[in-house]
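Please look over the structure first.

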Amino acid sequence: MNVLVTGGAGYIGSHTVRLLTAEGHTVVVLDSMEFGHRAALIDAELVVGDIADRPLVTELCTRHQIEQVVHFAAYKNVGESMQRPEKYWLNNVTGTVHLVEAVLAAGVRNLVFSSSCSVYGTPASVPVDESAALHPESVYAESKAITERLLHWYGETAGLRSVSLRYFNAAGASADGRIGEDWSQSLNLVPLVMKAALGRAGAIKVFGNDYPTPDGTCIRDYIHVDDLATAHLAALTYLAGGGDTTALNLGTGVGSSVLEVIAATERIGGLPVPVEITPRRIGDPVSTYADPTLAHEVLGWTATRDLDDIITSAWQWHAANLDGYAS
Ligand code: WQD
């Protein structure tokens, strides 16, 4: 297949691009390079440009005979989205409208969308499945929920078929250590724990240890980035086979606490992780992890990597690339 991947030079995008090309697909990456890394791209053509540039997108799709699109490109900083909502509405929502109009103009009708477990907000019960109500608790999360609805309506009005993949907490790096997450840009737990362990930052701040969980810290579903990549390939195959529009959770179904992530890092990395317990972070759900049953039923996909695989691969990547891609 010929696949256009927006945001393909980013963290999850680059792992997905690598898998698609390894499986024999032809990939064209469209990335603004505001946060992307050229070094993260292996065997794929890069076009630097904006998803909202309709003539560019339509021309790219036509010239490369694009059959399917994977849409990662978006801003993803929850805190910033509350300070600068317009930036998120314009890029994540309006940008997607332009992108979809442009690919439709080129005859493309299949799209896989990078959504987020944050569309559920704090779930009423865990594990959370796709029948749970959507309660976005940030502009970022709402931008994902709105985009899912947009895609639904493009299905009704223009015959677009789409799969929205609701990622839980993406983490880890490629098994061969060639690509990973650039920690200079990340505010997520796993890269921050690595930074603390490898002496590139002070203590990791644990946001609260008085939650009603076994060790008092919050519980999340950490999912390996290469498992996410596999799910994107499965979603493209599903759409190519005529599958209907749907939204699916991508998680392992296993919750891990903040202290469990830190303990795994100390065990695997062999270095102590300096820890500072701080007050709770506003807006953090106590516990959220996926019921990934539907993704298995619809795509035949199941995560195959666990927390140790995540920490092992992340450790290998960060220890060898202490300055991220600048290394
Ligand atoms: C994980 C856990 C923190 C940093 C984010 C997005 C969400 C979705 C998944 C994309 C929490 C704790 C963190 C630190 C800590 N992504 N923590 N100290 O908030 O679960 O979800 O990724 O769509 O939309 O918001 O991820 O990595 O920030 O936090 O104690 O310095 O680690 O409290 O329990 P989060 P995270």
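## Helix 6 and its cover

Gly199, which follows helix 6, has a positive phi, near 75°. Helices here are DSSP runs of H or I with at least four residues, and strands are E runs of at least two, numbered from the N terminus. This is a predicted model: local features need pLDDT of at least 70, side-chain atom pairs count only at pLDDT 80 or more, and totals for chains, interfaces and linings use all residues. Residues are numbered from 1 along each chain as its sequence is written, and side-chain values use heavy atoms, with hydrogens and water left out.

Helix 6 is mostly covered, with eight of its nine residues buried. Buried means under 20% relative accessible area, exposed over 50%, and partly exposed in between (1.4 Å probe, protein chains only). Among the buried residues are Leu189, Val193, Met194 and Lys195. Their cover includes strand 7 (169–171), strand 8, strand 10 (222–224), helix 8 (258–269) and helix 10 (307–320).

## The ligand shell

Strand 8 gives the largest share, four residues. In total, 20 residues surround the ligand, and the closest are Ser116, Tyr140, Lys205, Arg220 and Asp284.

The shell divides into twelve nonpolar, four polar and four charged residues. Ala, Val, Leu, Ile, Met, Phe, Trp, Tyr, Cys and Pro count as nonpolar, Asp, Glu, Lys and Arg as charged, and the others, Gly among them, as polar. Domain 1 (2–171 + 223–250) and domain 2 (183–221 + 253–291 + 305–326) each give at least three shell residues.

Taken alone, the ligand exposes 680 Å², and the protein buries 87% of that. Areas come from the Shrake-Rupley method with a 1.4 Å probe.

## Thr217

Thr217 sits in the loop between strand 8 and strand 9 (219–220). Is Thr217 buried or exposed? Thr217 is buried, because its relative accessible area is 0%. The Thr217 side chain reaches the backbone nitrogen of Leu259 at 3.4 Å. Beyond neighbours within four places in sequence, Thr217 is in contact (heavy atoms within 4.5 Å) with residues including Val206, Tyr211, Ser257 and Leu259.

Note on methods:
Near = heavy atom within 4 Å. Domains from an automatic or database assignment. Polar contact = N/O pair within 3.5 Å; in protein donor to acceptor, adjacent residues only side chain to side chain.
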